[in-house]
Amino acid sequence: VTRIRIEQGDATKMALPDGTLLVYLFNPFGPRTLERFLRSLRESLDRKPRAVVVAYYHALWSDVVDTFDWLHPLGRQRLLLHGDFRAWANQTFLAED
């Protein structure tokens, strides 16, 4: 059984689970907060290496995500509503294939 947990709080300070992560973002914050969140995510991965996928719907600040070289693009889909959907993964996720 796979458990899904949804939490509400400050994403830049949240303790992330130790297992494989799917981070789903629906344009939740501006570019500076997104950058702080991704730095926090990287610190979590440095402490406990694991696979992660970042799925970003209505990806207004995808250029911020692209600056993090540890995240590799998986794909991009142009959508009629809400702009782009983009996804990235870390090397651990890519190596599991």
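This report walks through the core, the ring pairs, the salt bridges and a few surface and loop details of the structure above.

The model is predicted, so local features need pLDDT of at least 70 and side-chain atom pairs count only at pLDDT 80 or more, while totals for chains, interfaces and linings use all residues. Residues are numbered from 1 along each chain as its sequence is written, and side-chain values use heavy atoms, with hydrogens and water left out.

## The nonpolar core

Let us start on the inside. A nonpolar core is a set of buried Ala, Val, Leu, Ile, Met, Phe, Trp, Tyr and Cys residues joined through side-chain atoms within 4.5 Å. Here buried means under 20% relative accessible area, exposed means over 50%, and partly exposed lies in between (1.4 Å probe, protein chains only).

Which residues have the most contacts inside the largest nonpolar core? They are Leu-34, Leu-38, Leu-41 and Leu-71, in a core of 20 residues. At least two core residues come from each of strand S1 (21–26), helix H1 (31–47), strand S2 (52–57) and helix H2 (62–66). Helix H1 gives the largest share, 5 residues. Helices (H or I, at least four residues) and strands (E, at least two) are DSSP runs, numbered from the N terminus.

Not counting residues up to four places away in sequence, Leu-71 touches Leu-38, Val-54, Val-65, Trp-88, Ala-89 and Asn-90; contact means heavy atoms within 4.5 Å.

Tyr-24 sits in strand S1. With residues up to four places away in sequence left out, Tyr-24 touches Ala-55 and Tyr-57. The C-alpha atoms of Tyr-24 and Val-53 are 8.4 Å apart, although 29 residues separate the two along the chain.

## Aromatic rings

How many aromatic pairs does a search of the whole structure find? The search gives 5. Rings of Phe, Tyr and Trp (its six-membered ring) pair if their centres lie within 6.5 Å; planes under 30 degrees apart count as stacked, over 60 as edge-to-face and the rest as tilted.

One of them joins Tyr-56 and Trp-88: the ring centres are 6.5 Å apart and the planes meet at 40°, so this pair is tilted. It links distant parts of the chain, with Tyr-56 in strand S2 and Trp-88 in strand S4 (residues 84–89), 32 residues apart. Tyr-56 is buried, at a relative accessible area of 0%, and Trp-88 is buried with a value of 0%.

Phe-68 and Trp-70 make an edge-to-face pair, with 6.4 Å from centre to centre and 85° between the planes. Both Phe-68 and Trp-70 are buried. Elsewhere, ring pairs link Phe-26, Tyr-57 and Phe-85 into a cluster.

## Salt bridges

Side chains of opposite charge can pair when their charged atoms come close. A salt bridge is a side-chain nitrogen of Lys or Arg within 4 Å of a carboxyl oxygen of Asp or Glu. By this rule the structure has 6 salt bridges, including those in the table.

| Salt bridge | N to O distance |
|---|---|
| Arg-42 and Asp-46 | 2.9 Å |
| Arg-86 and Asp-66 | 3.1 Å |
| Asp-84 and Arg-78 | 3.1 Å |

Arg-42 and Asp-46 are about one helical turn apart, because they lie 4 residues from each other in helix H1. Arg-42 is partly exposed, at 33% relative accessibility.

Arg-86 counts as buried, at 9% relative accessibility, whereas Asp-66 is partly exposed with a relative accessible area of 40%.

Is Asp-84 buried or exposed? Asp-84 is buried, because its relative accessible area is 8%. Salt bridges that share partners join Arg-76, Arg-78 and Asp-84 into one network.

## Two loop residues

Most residues other than glycine have a negative phi. Asn-27, which is not a glycine, has a positive phi of about 40° and lies in the loop between S1 and H1. His-58, also not a glycine, has a positive phi of about 60° and lies in the loop between S2 and H2.
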